[in-house]
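Have a look at the sequence and the structure first, and then read on.

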Amino acid sequence: MQITPLSDNIFYLEPESMANYQACAGLLIEAELKITIDPNLGPDHTGKFLDSQRPDMAFVTHFHLDHSAWVNTAAGMGIIVCVPEAERLILGNLDCLMEATARPCGLESLWRRFVTDSLGFQPLDSATTYHPGILSRLSRVRIEVLATPGHSPGHCSFWFPESGILFCGDMGLDRFGPWYGWHNCDLAAMVESICRLRAMDVRLLVTSHGGIIRKNPAAAWDRALDKIEQREKRIIAGLEKGLSKERLIEEGIFFTHKDKVDEPLKTFFYMWDAIMLDHHLRLIADGGLRRLTGSLNFKSNAGRPSKADQQPAGA
Ligand SMILES: [Fe+2]
């Protein structure tokens with residue numbers, strides 16, 4: 001695990017590995033209260049980290065298990081676990097989790113085994129819910145919670161205006177781009193969230209899976225929108241050639257090398273690509289990405305990367 005100072009009292013936490021959806025990067029804020037956000041550093045490290053740091057409060061950006069697998073460990077240590085109100089039920093009940101994820105795809109039993117056996121999911125008994133807004137009562141470091149739905153219904157980002165740091169969680173600023181592979185994802189909402197965050201004056205853009213973006217945050221957001229647009233263009237071109245949905249999924253929406261992946265991930269990748277295709281088809285039926293960003297009054301270089309876009313997202 002690596003800890004990188006971002007300011008006098010905000011630290012970036014990076015796991016040794018993010019393989020198999022078992023970890024993500026997070027934050028530690030040391031003020032009069034010690035707060036951590038998404039401290040999922042992997043099965044062998046999260047408990048040790050929480051035990052050594054003993055934060056007062058631990059926040060989850062959203063319910064996805066690569067961000068939230070630690071919540072019962074933290075609750076068992078007496079740490080106040082804070083989850084987005086919109087996703088409290090999902091984290092508190094395996095049945096609700098299944099309904100929000102693989103059940104509508106008919107893959108509940110395989111997914112249930114994966115989340116319980118491989119990811120160690122256990123329903124969260126006690127948790128505090130949080131809402132978008134200012135958390136100024138909690139710490140002398142001003143923290144603003146921003147609603148950034150789309151990747152999940154209650155996904156939140158954390159803004160530190162005094163230091164210009166934005167922790168944007170899973171907004172898709174890594175090399176793979178935005179992900180919207182569950183039915184409760186919302187591609188249009190995700191684009192709206194991206195456009196809103198892109199308009200902010202951010203000094204350090206901090207992500208769950210794409211490192212720290214220190215230069216040109218706007219270009220990173222444009223790259224994310226460009227990923228979505230390129231997927232849309234591939235889908236439209238495929239439809240114009242008469243390709244079936246099955247063939248489009250086979251060629252890949254997000255996961256382009258499914259044949260090289262072992263089970264059960266291979267089955268999950270097909271499931272997620274099928275759902276992402278459905279999200280795209282809905283957006284295309286509504287006029288597509290360009291119409292959506294136009295309606296949001298959004299002006300960017302999406303689809304037309306500048307030279308600054310050529311550097312990796314995590315650089
Ligand atoms: Fe996620």
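## Confidence and helix packing

The protein has a mean pLDDT of 92, and 95% of its residues reach 70 or more; pLDDT is the predictor's confidence in each residue, from 0 to 100. The pLDDT falls below 50 over residues 302–315, a stretch that has 30 contacts in the model beyond near neighbours in sequence. Two residues are in contact if their C-beta atoms, placed from the backbone, lie within 7 Å.

This is a predicted model, in which local features need pLDDT of at least 70 and side-chain atom pairs count only at pLDDT 80 or more, while totals for chains, interfaces and linings use all residues. Residues are numbered from 1 along each chain as its sequence is written.

Helices here are DSSP runs (H or I, at least four residues), numbered from the N terminus. Axes are lines fitted to C-alpha atoms over the stretch in contact, with angles from 0 to 180 degrees between N-to-C directions.

| Helix pair | Angle | Axis distance |
|---|---|---|
| H7 (residues 187–198) and H11 (residues 288–295) | about 50° | 10 Å |
| H7 and H8 (residues 217–240) | roughly 165° | within 9 Å |

The angle makes H7 oblique to H11, whereas H7 and H8 are roughly antiparallel. Angles under 35 degrees count as roughly parallel, over 145 as roughly antiparallel, 65 to 115 as roughly perpendicular and the rest as oblique.

On the H11 side, Ala188, Val191 and Cys195 of H7 meet Leu289, Leu292 and Thr293. By class, this contact has five nonpolar, one polar and no charged residues. Ala, Val, Leu, Ile, Met, Phe, Trp, Tyr, Cys and Pro count as nonpolar, Asp, Glu, Lys and Arg as charged, and the others, Gly among them, as polar.

Towards H8, H7 uses Val191, Ile194, Leu197 and Arg198, which meet Ala218, Trp221, Ala224, Leu225 and Ile228. The residues of the contact of H7 with H8 are eight nonpolar, no polar and one charged.

Leu289 touches Val191, Ile228, Glu229, Glu232 and Leu283, leaving aside residues up to four places away in sequence. The C-alpha atoms of Leu289 and Ile228 are separated by 7.9 Å, although the two residues are 61 apart along the chain.

Definitions and conventions. Helices (H or I, at least four residues) and strands (E, at least two) are DSSP runs, numbered from the N terminus.
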